[in-house]
Amino acid sequence: MDGVGQSRTEQLMAWLGYLGLLPFALCIVSFDPDAQIFGLNARLVFVAYSGIILSFLCGILWSHALSSSDHAMSFPLLLLSNLICLMGWLVILIAPAQFQLALVVTLLGYGCVWMLERIKTNAMGDNFPKSYHTLRNHLTLSVAIAHIIALAGAS
């Protein structure tokens, strides 16, 4: 890809990434145990969105694993990505009864995905642009802060 196309792609990646933080912010702003967003409980919307985004990130782990499929780390990376993805699905199921637990599990999931990406990149390298890793750091930190704020307001 030429420099102009890559620059446009990286700009779009950044825009989409940062726009993806808006649902977290919208839910936190309206956090009241009975707050509604589009007729749905804001806490459940937060956890459901978090679980979906966590699952999306697990798909990126697949890309990491498949890009170096002959490396010994690829097999465990695929297995862990599926385990974390299942955690994202389970939090959606437990959120109505166990909101705080759902927040902790998703927060741990984001930390695991971030750590696995770092380990994979250090061990096998990758072809992702440098801006991807900077963006992932910013987004993961922002999502972690959102989860901590949600936990603080959940009592």
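Is Arg136 buried or exposed, and what is its relative accessible area? Arg136 is buried, with a relative accessible area of 5%. Here, buried means under 20% relative accessible area, exposed means over 50%, and partly exposed lies in between (1.4 Å probe, protein chains only).

The model is predicted: local features need pLDDT of at least 70, side-chain atom pairs count only at pLDDT 80 or more, and totals for chains, interfaces and linings use all residues. Residues are numbered from 1 along each chain as its sequence is written, and side-chain values use heavy atoms, with hydrogens and water left out.

Arg136 has a charged partner. Its side chain meets that of Glu117 in a salt bridge, at 2.9 Å from N to O. Arg136 lies in helix H6 (residues 130-152) and Glu117 in helix H5, so the pair ties together parts that are 19 residues apart in sequence. Glu117 is buried too, at 0% relative accessibility. A salt bridge is a side-chain nitrogen of Lys or Arg within 4 Å of a carboxyl oxygen of Asp or Glu. By this rule the count is one. Side chains of opposite charge can pair when their charged atoms come close. Helices (H or I, at least four residues) and strands (E, at least two) are DSSP runs, numbered from the N terminus.

Helix H5 (residues 99-124) also packs against helix H3 (residues 42-67). The angle is about 20°, and the axes are 10 Å apart. Axes are lines fitted to C-alpha atoms, for helices over the stretch in contact, and angles run from 0 to 180 degrees between N-to-C directions. H3 and H5 are therefore roughly parallel (an angle under 35 degrees). Their crossing is left-handed: the near helix is turned anticlockwise from the far one by less than a right angle.

Helix H1 (residues 3-19) gives the largest share, four residues. Leu16 is found in H1 and is exposed, at 54%.

Two loop residues complete the picture. Pro33 sits between helix H2 (22-29) and strand S1 (36-37). Pro33 is partly exposed, at 48% relative accessible area. Phe38 is in the loop between S1 and strand S2 (40-41). Phe38 is exposed, at 80% relative accessibility. Its phi is near 55°, a positive value in a residue other than glycine.

Technical notes:
Parallel < 35°, antiparallel > 145°, perpendicular 65-115°, else oblique.
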